[in-house]
Amino acid sequence: MPKKGGLIALVVGLAALVAAADGQTPAGMRFEPASPSLVASNTFVNAWADYDRDADLDLFVGSGSRLSHFYRNDRGTLVDIAAAVRVWFTRATRAAAWGDYDADGDPDLLVGFAPGDGFVLRLFRNDRGRFVDVTSDVGLAVAAGAVRQPVWIDIDGDRDLDLFVAFRDRANALFRNDAGKFVDVAASIGLGDARRSVGAVWFDYDEDGDLDAYVANMDGDANGLFRNTDGRFEDVAAAAGLEWGGRAPREPAHGTVRPCLADVNGDGRLDLFTANYGPNGLFLARGGGRFEDVSKAWGIAIDARYDTCAFGDADHDGRVDLYVNGTVTGGISYEDTLFRNMGSRFEDVTPEHVRAIASDHGAAWADFDRDGDLDLALTGAGAATMPLLLRNLLPRAEARRSLFVRVVDERGRSVRAGAEVQLGVKDGSRLIAARIMDSGSGYNSQNDMPVHFGLPSTDVCVGATFALGGRRVSVPCAPIDTFDRRDGVVIIPIPQQ
């Protein structure tokens, strides 16, 4: 059981981290702190989006007890402008999600707070780069609740984003978006689950043309897999073999914090990983809603305490790698681990300076410096400081061997969360990788950014599929130059049909 021991006594020195970054891991993955001044301390959530539409990703960071931060990305330099854009809080932040709820072409920001004075949800409309609090105006004035995972998702196929919120201490909510006004309909459609929820992802698990939800629960509660049938939801986790996510059943000290999706074995289907208190779980999708538990065979069933899973092809070998964070609980700070995907199992290739990081929570891959490879963003829950950003040091030629793809609607708006993006061989005869447009990611976070593929070969095609009103609407795999590009990102439109 990997642990760092003791009560978070470790304070990581940035100078030591920089020196250690010169060492190369067995897999050839190397990282360095992006800036000595960018450190995280007692922070929980991190969420990326290009809020000002200048083609680079900006970063919101929520604090556990101190000021939140909002970093504008100026060509790879992050500048904290939280006060200037009015997303500056002294209240403890527990969640954040980016989504274009008003479908005006730019991402808006939902923030979830710890219980206390004022609403636990606040929605900030992005008004040409400045933020306006519209919480009460749109019907999201929620007075109480332990907010965990918010997800912007269009569950009813009506061209706007609805909002799912997992709560740790009350029934989960599904706020249906009706022309910019929100109404909680969770109880009436079967999503008002009162178990102790902390994470969720949305995807068409049974390939029937509508989006389903996998919800992670803690404190010995079983997880839920909510199958969508004509807009009503039924928990089928037990029948699918996913109710415990690889952990021990009904064990009060165990739970699932984050479920994550990625095509782990390169067959074009989305597989499910569960970051657990208890052994982690990995379930390969076999088609038609069937999953196979391969946790032990893939070397991933580590019995520890994890809060976050983050998939990304960090070394551009075409296989998706995995970063899991070690949380702090019971007086123990558990280790972070970087797993390299070897094709049929995962191998621990964690650099020592990353393994030394103490007490983090949020982890997300993002190409913040636009050099083509994925950098690593972290947040930390304890008193120790840590690098907020670790820059990926892939050689320049290898870093550029990548592809970024965004799926939009027919008007170019990013309201297709849950869309599956497929990479195939150039003639379209075989799929070799799949990613999902973010439908819940990081620790209590949702990002709004393109999906990323490392490209061991440029002889590829790209396509997408979206579950829409009971139909799977597909854009067939086609050569990359078939599609428009915007600031280096391939744009795949999925129209309302």
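How many bridges pair β1 with strand β32, and in which sense? The two strands are joined over 3 bridges in the antiparallel sense, with β32 covering residues 389-392. Strands here are DSSP runs of E with at least two residues, numbered from the N terminus, and two of them pair if DSSP finds at least two bridges between them.

A word on the model before going further. This is a predicted model, in which local features need pLDDT of at least 70 and side-chain atom pairs count only at pLDDT 80 or more, while totals for chains, interfaces and linings use all residues. Residues are numbered from 1 along each chain as its sequence is written, and side-chain values use heavy atoms, with hydrogens and water left out.

The β1-β32 pair belongs to an open sheet of 4 strands, ordered β1-β32-β30-β29 with antiparallel pairing. At its edges stand β1 (31-33) and β29 (360-366); each has a single partner strand, so one side of each is left without a neighbour in the sheet. From one strand to the next, the twist averages 25° (axes are lines fitted to C-alpha atoms, and angles run from 0 to 180 degrees between N-to-C directions).

Strand β17 (residues 224-229) runs antiparallel to β18 and is joined to it by 4 bridges. Asn228 has Phe233 in β18 as its bridge partner.

A cavity is a set of points on a 1 Å grid over the protein atoms alone where a 1.4 Å probe fits but cannot get out, and lining residues have an atom within 4 Å of a point. Grid points are joined across faces, edges and corners, and a volume is the space filled by probe spheres set on the points. By this rule there are 2 cavities of 30 Å³ or more.

| Cavity | Volume | Lining residues by class |
|---|---|---|
| Largest | about 120 Å³ | 6 nonpolar, 4 polar, 4 charged |

Of the 14 residues lining the largest cavity, Ser414, Ala417, Asp438, Asn447 and Asp448 lie nearest its centre. The second largest cavity is lined by Asp154, Ile155, Gly157, Asp210, Leu211, Ala467, Leu468 and Gly469.

Note on methods:
On a 1 Å grid over the protein atoms alone, a cavity is a set of points where a 1.4 Å probe fits but cannot get out, and a pocket is an open set with protein on both sides within 12 Å along at least five of seven lines; lining residues have an atom within 4 Å of a point. Ala, Val, Leu, Ile, Met, Phe, Trp, Tyr, Cys and Pro count as nonpolar, Asp, Glu, Lys and Arg as charged, and the others, Gly among them, as polar.
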